[in-house]
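Dear colleague,

Please find below the structure for your review. My notes on the ligand surroundings and on one residue follow it.

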Amino acid sequence: MKQMTFGLIGASLKHSFSSDIHNAVFKKLGIKAQYKIFELENKQLKSFLSSAFANSINGLNVTIPYKEKVIPFLTRLDANTPSALTVGAVNTIKVEEKQLIGYNTDGAGFINALNRIERKERAKPFDFRHKVCVLLGAGGAAKAVGFALATEGIAGLHIYDIDYRKSEDLVAEIKSKFPKSAPIALKQRSELEVIRDSQILVNATPIGMKAQDQLIVNEDFLHENLFVFDCVYNPGGRRMTVLVEAARKKGLRAFDGLWMLICQAIRSQKIWFGRAILEDEIFDIMAGALNEKGYSLC
Ligand code: NAP
């Protein structure tokens, strides 16, 4: 069988973990495949994608700043798993003869991460219904998380971004497709006090990627019944992100983005290989590969 080739396209990929986690799976499971890093300039995007099949590429991941920019060059967005259509961004491409099909696995990766954590700790999936979530950020990751939460039937969703217009736009988009989720845009940072009456707090801003980053939320708002999830997975040399650290100091359940990173990568492999894969085994292999690099799941 011919060796398959997968890879990540983006602009600045020196700190990416994707090749480590995917190649670890290929190696451990004896899959004849390689995962490569393709740093591209904007002007190279079209020709790279149009020659992907000719260059024997079977599948790709897409990251900043190309998640939206790749869409005009794809044959279509997958309609059976409509997250790329809903979110308007693609992080996974399946390359088939003459066809490039776009998917988004970030939202499902987020949901699967919370379900995996809940199953590990409480032997049941995460119950999103009857819960209110405060979502920090209204960019790419927040969009995927917001739509995924709405799909899961979240009872309330408050969105706060430093740019209020972005929060308003995301709220309008979610409301138009999932009116029952009743999303609300928060204008002022002080309005984050609503966390006191919420059960889930998700950070989908880049705050936490730098060691010196400060908490966005007032520490007093973090209460014992709050589940905290930080999409950030690389806390700039710290052991944990500023949010996870503050939450854990108060005894809360708090987890970081490595869980989501692995779960969205597993979804990508499912799409590329088009068959049932050994999710638990792959999760452990990917977590092991990150451990070897000095990153452990928080
Ligand atoms: P993005 O598109 O740039 O969105 C981030 C949003 O947060 C922007 O709207 C930004 O506003 C806003 N923001 C920045 N500082 C803020 C603050 N202090 N308070 C409130 N809002 C603030 O970035 P992204 O792609 O969504 O990524 C966000 C984070 O999620 C990154 O750390 C990324 O690595 C992580 N992520 C993790 C996974 C995973 O698998 N774990 C997947 C995707 C993303 P401005 O644009 O005005 O600055």
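This is a predicted model: local features need pLDDT of at least 70, side-chain atom pairs count only at pLDDT 80 or more; totals for chains, interfaces and linings use all residues.

**The ligand and its surroundings**

A polar backbone atom of glycine 140 is 3.0 Å from an oxygen atom of the ligand. For isoleucine 162, a backbone N or O atom lies 3.0 Å from a nitrogen atom of the ligand. In the case of leucine 261, a backbone N or O atom is found 3.3 Å from a ligand oxygen atom.

On its own the ligand has 920 Å² of accessible area, of which the protein covers 77%.

**Arginine 253**

I also looked at arginine 253, which is found in strand E12 (residues 253-255). Is arginine 253 buried or exposed? Its relative accessibility is 18%, so arginine 253 counts as buried, the cut-off being under 20%.

The side chain of arginine 253 makes a polar contact of 2.7 Å with the side chain of glutamate 121. Leaving aside neighbours within four places in sequence, arginine 253 is in contact with Ile117, Glu118, Glu121, Arg122, Leu226, Phe227 and Val228.

With kind regards

Terms used: Residues are numbered from 1 along each chain as its sequence is written. Side-chain values use heavy atoms; hydrogens and water are left out. A polar contact is a pair of N or O atoms within 3.5 Å; within protein, one must be able to donate a hydrogen and the other to accept it, and residues adjacent in sequence count only if both atoms are side-chain atoms. Accessible areas come from the Shrake-Rupley method with a 1.4 Å probe; for residues, only the protein chains shown count as cover. Helices (H or I, at least four residues) and strands (E, at least two) are DSSP runs, numbered from the N terminus. Buried means under 20% relative accessible area, exposed over 50%, partly exposed in between (1.4 Å probe, protein chains only). Contact means heavy atoms within 4.5 Å.
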